[in-house]
Amino acid sequence: MEHSKLIQFRGPEASLPAPLFSFLQQLGSIESSEDVWKAFKSLGAALGFPAAAYIQAISSFDDAQDGTCSWHIHCCDSEGMAEHLPDLPVIRDMLCPQNGCASLEPRLLHSADQNGDMAEQRLRQTILDKIGMPVCLAIPLVSGDANERAVVLLGSRAPALAFSSSLERFGCGLHLAAMASHARYRALYKQEFVIRNQLTEKQTELVSLVGQGLLDKQIAHQLGISFSAVRQRLAAVQHKTGARNRAHLAAMAMRIGLTPDPLLNMAEIAAE
């Protein structure tokens, strides 16, 4: 079959299936966060996993609520997937662990799985059947920030034995592709923050200055505007971004790369 054909290269890349190697080559040139998961879904289909979904925990600079666990779902094949995926206990546990410790182990889920009590088994079977994934693999994705957790689901209607056989061939490669996609997606998602919140150039500059720790009077002096103008611009930015206060806005500036991470700066100073 075409998806099992290997590229004729020397070195480690010689062991990669052709679709996976091509995907990794393409990933760095993708410029839209949504296109990352469209490409990943195409890769999964090429390797025999036609159903895919990416469940992204909403990060602190998008969510104005504290103490909540919310998420976005991308590249779903149907509205049913978007509606029912969050009801899977394993998804909730991966995105919002009760003890704060992120799970790193992939989980194989299928509707005939007898793990858990009867209520959990019935719930899992019902949900997997509704979303069209009677068997699927859940891959947890964790970045350096607790608010950047996500889960990728890859599934098909193949019998569980055939699905497991495909995982033995391509599971490690797909895990690698999922982690690379998550990293690329997060980078693009942060870059798109300004566009997503419709910030003007002046408002973006203000966010950067707040992130640098400047006070309103210092910002007014640097921008050559009045103190009241700074306050008005700051209020407009907070309204657009949902920032609760100045500290939250400064955190946003660091998270999206408008200001350097102070921990990284400390590491650089210590190395000198």
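This is a short walk through one protein chain, taking confidence first and then a few local features.

Okay, so keep in mind that we're looking at a predicted model. Mean pLDDT for the protein chain comes out at 79, with 77% of its residues at 70 or more.

Now to strand E1, residues 51–57. Seven of its seven residues are buried, so the strand is largely enclosed by the rest of the structure. And that goes for both faces: Ala-51, Ala-53, Ile-55 and Ala-57 are buried on one side, and Ala-52, Tyr-54 and Gln-56 are buried on the other. What does E1 pair with? Its partner is strand E5, residues 150–156; the two run antiparallel and are joined by six bridges. If you want one to find on screen, take Gln-56, whose bridge partner in E5 is Ala-150.

Next, a helix pair. H9 covers residues 216–223 and H10 covers 227–241; their axes sit 8 Å apart, and the packing angle is about 105°. That angle makes H9 roughly perpendicular to H10. Which residues make the contact? From H9 we have Asp-216, Lys-217, Ile-219, Ala-220 and Leu-223, and they meet Phe-227, Val-230, Arg-231, Arg-233 and Leu-234 from H10. Sort the residues of that contact by type and you get six nonpolar, four charged and no polar.

Two single residues before I stop. Ala-187 is in helix H6, residues 160–191. Its relative accessibility is 32%, so Ala-187 counts as partly exposed. Along the chain Ala-187 is 69 residues away from Ile-256, but their C-alpha atoms are separated by 8.4 Å.

The other one is Gln-198, in the loop between helix H7, 193–196, and H8. Is Gln-198 buried or exposed? With 61% relative accessibility, Gln-198 counts as exposed. Its backbone is worth a look too: phi of Gln-198 is near 55°, which is positive in a residue other than glycine. For context, most residues other than glycine have a negative phi.

That's my tour, happy to take questions.

Note on methods
Residues are numbered from 1 along each chain as its sequence is written. This is a predicted model: local features need pLDDT of at least 70, side-chain atom pairs count only at pLDDT 80 or more; totals for chains, interfaces and linings use all residues. Side-chain values use heavy atoms; hydrogens and water are left out. Axes are lines fitted to C-alpha atoms, for helices over the stretch in contact, and angles run from 0 to 180 degrees between N-to-C directions. Helices (H or I, at least four residues) and strands (E, at least two) are DSSP runs, numbered from the N terminus. Angles under 35 degrees count as roughly parallel, over 145 as roughly antiparallel, 65 to 115 as roughly perpendicular and the rest as oblique. Contact means heavy atoms within 4.5 Å. Ala, Val, Leu, Ile, Met, Phe, Trp, Tyr, Cys and Pro count as nonpolar, Asp, Glu, Lys and Arg as charged, and the others, Gly among them, as polar. Buried means under 20% relative accessible area, exposed over 50%, partly exposed in between (1.4 Å probe, protein chains only). Two strands pair if DSSP finds at least two bridges between them. pLDDT is the predictor's confidence in each residue, from 0 to 100.
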